[in-house]
Amino acid sequence: MKKLTKIILSLLMVLSVSACSTSNTDDDTTSEAMFTAGTYACSAKGNNGDVELEVTFSDNAIDSINVTAQAETAGLGDTAIENIIAEILENQTLAVDTVTGATNSSNAVINAVKDCVTQAGGDVEAFSQAVAETEKQEETLEADVVVVGGGGAGLTAAIKAAEEGLNVILVEKTATLGGALGVSGGNQVVSGSSLQEEAGVTNDNVETMVADFKANGANLNVDELITLYAENVGTATDWLNSYVGVAYDMEGGLHVLAEYSVDRELAYEGGGSQAAATMSDFLKNTAATILTETRATKLLTTDGAVTGVYAEGKDANYTINASAVILATGGYGNNDDLLTEEMQNALYYGPASSTGDGIIMATAEDVNAATRLMEYGKRYPNGIEVDEGVAKSTINSNIAAFNEGAAILVNPEGKRVVNEKASNREILTVELEQEGQMLYVLMDAPTFATYKEKLATTGVTAEAVDEYLAANGTSTPIFATADTLEELAAIVNMDPATLTATVDTYNSYVEAGNDADFGRPVEYMNKQINEGPYYLVEQKPRFATTMGGLVVNTSLQVLNTNDEVIPGLYAAGETVGGVMGDDSPSGANNGWAVTSGMLAGESVAANITK
């Protein structure tokens, strides 16, 4: 059902047409002209909102396409827009391939230009004819190490390997670098780093971090991997900060989270997209070769050892011979064939590119890599359903709202059912027990203003929020508002008396300085929910990160099903299984990506130079 839904959504997207306007048309055309020359304005729905264009036509060609407004994800959607525009202009056709990982942004440009072709009197069908493809060249490249995947783990692995003096080739199937890191909220575990100490925490240690992670992961964590993580994340953080230049939000400080007995999470300055951009720019200034829009499809092997990869690029295919391969292809959340039925039915909010390519290549018969914990995925309780089966995160907004105090979580009956500052795992457990597996964030107007501002960090634009509010609970995602609690409750079929009583009770707890029902810490109850207008925002389970993956040792070498090292094969980041157990706490996956990437780069360098 989920696959059919995705197909239907893709067809609807291609068929969608938005209202457009025309300006500066030229009536001096001939009967042979393909278009009525002039400039036409159009827009179409992208991933984060409308993409608005101005398209200028001559009699027989599109001369220019200018973006007048867009809110697509930095480093991903905006790059896709540039690439699609360049393809249309170069080939003078709408039959261009969408950019892997940025399908919505790509289709927005195609659909908007299609509208403009219609306005200009052109034949859309004729202008959508594919250009004859030229046969791809086959090229052979040589490297010390091939890094497959350009997300947080792949970038750090490539940077570290280059720093060690190795000849590095990075292969990334999408048009941009950054992966899940680039679209994340941008929080990272920084345990044991100088930054954590600078922020005021000096009593964190390996044992405490391991204990916290095992408690969160149901003790399914692989002991040697979680210990490896705890022992090295501080060094990786300081290296990333001082050597690569990734900045952390020291002004915002360490986050206070229920998952951690010691504060150990920082945000990147500018979020995950800025961290990814900094790392990408750094790598581009090294001697490493970067091949984007190039998908590794097979590991090359000789006598049981991995000796390179075969990759299919946009303009050429590559046989890349190397002494080592680091698989950093991310997770498999967007591949139903690798998910359990339970995970298939959860809202997905991760990158479209997370299809488990590294795991698929490594488990091929001639490589025979082992996997573990493939049935687990990290579910968060704080998602909004922006399309059927597709979520976006509200985690940063929730943290800000609950820190202010004038915000609570209520169920569809209007009852408060959990400590809002509890761990994500605890809140998720309660959420799954509610009708429709749904909760709502209830806020007053000043708190909602903060909430709305923070939504931008997870790709929910102010324009999108305004659109959701205009629907006022009549469509998903539910963003409802009203001047009174009674009116607000009626919008979502909630009992008005129950909701009013819930707010009155919470406000009395704020006044008393004690949450008698759920034990919310008093420092996060410093404001009452005041007079209207009031706001409700839906909360649904979402997932992107998968917990399972390849079996590795502490040198990040991949093991086969006989528990033997596969010579020449390494893995890092989400492609590795077992470090988190069955669930990952906030900031953990970005921290593991950069830590394991750095360690994999070091390990390859040590083994190659032996």
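I am working with a predicted model, where local features need pLDDT of at least 70, side-chain atom pairs count only at pLDDT 80 or more, and totals for chains, interfaces and linings use all residues. Residues are numbered from 1 along each chain as its sequence is written, and side-chain values use heavy atoms, leaving out hydrogens and water.

**Overall.** I counted 18 helices and 23 strands, taken as DSSP runs numbered from the N terminus (helices H or I, at least four residues; strands E, at least two). The C-alpha trace spans about 75 × 75 × 45 Å along its principal axes. For 610 residues a compact globule would have a radius of gyration near 25 Å, and the protein agrees because it has 25 Å; the radius is over C-alpha atoms, and the rule is 2.2 Å times the number of residues to the power 0.38.

**Burial.** I found that 55% of the 610 residues count as buried, meaning under 20% relative accessible area with a 1.4 Å probe, protein chains only.

**Helix pair.** Next I looked at α14 (residues 445-455) and α15 (residues 462-471), which pack at about 125 degrees with axes 8 Å apart. The two are therefore oblique to each other, a class left over after under 35 degrees (roughly parallel), over 145 (roughly antiparallel) and 65 to 115 (roughly perpendicular). From α14, F448, K452 and L455 meet A462, V465, D466 and L469 of α15, with contact meaning heavy atoms within 4.5 Å. I sorted the residues of this contact into five nonpolar, no polar and two charged.

Conventions:
Axes fitted to C-alpha atoms, helices over the stretch in contact; angles between N-to-C directions. Nonpolar A, V, L, I, M, F, W, Y, C, P; charged D, E, K, R; others polar. Buried < 20%, exposed > 50% of the residue type's maximum accessible area, 1.4 Å probe, protein only.
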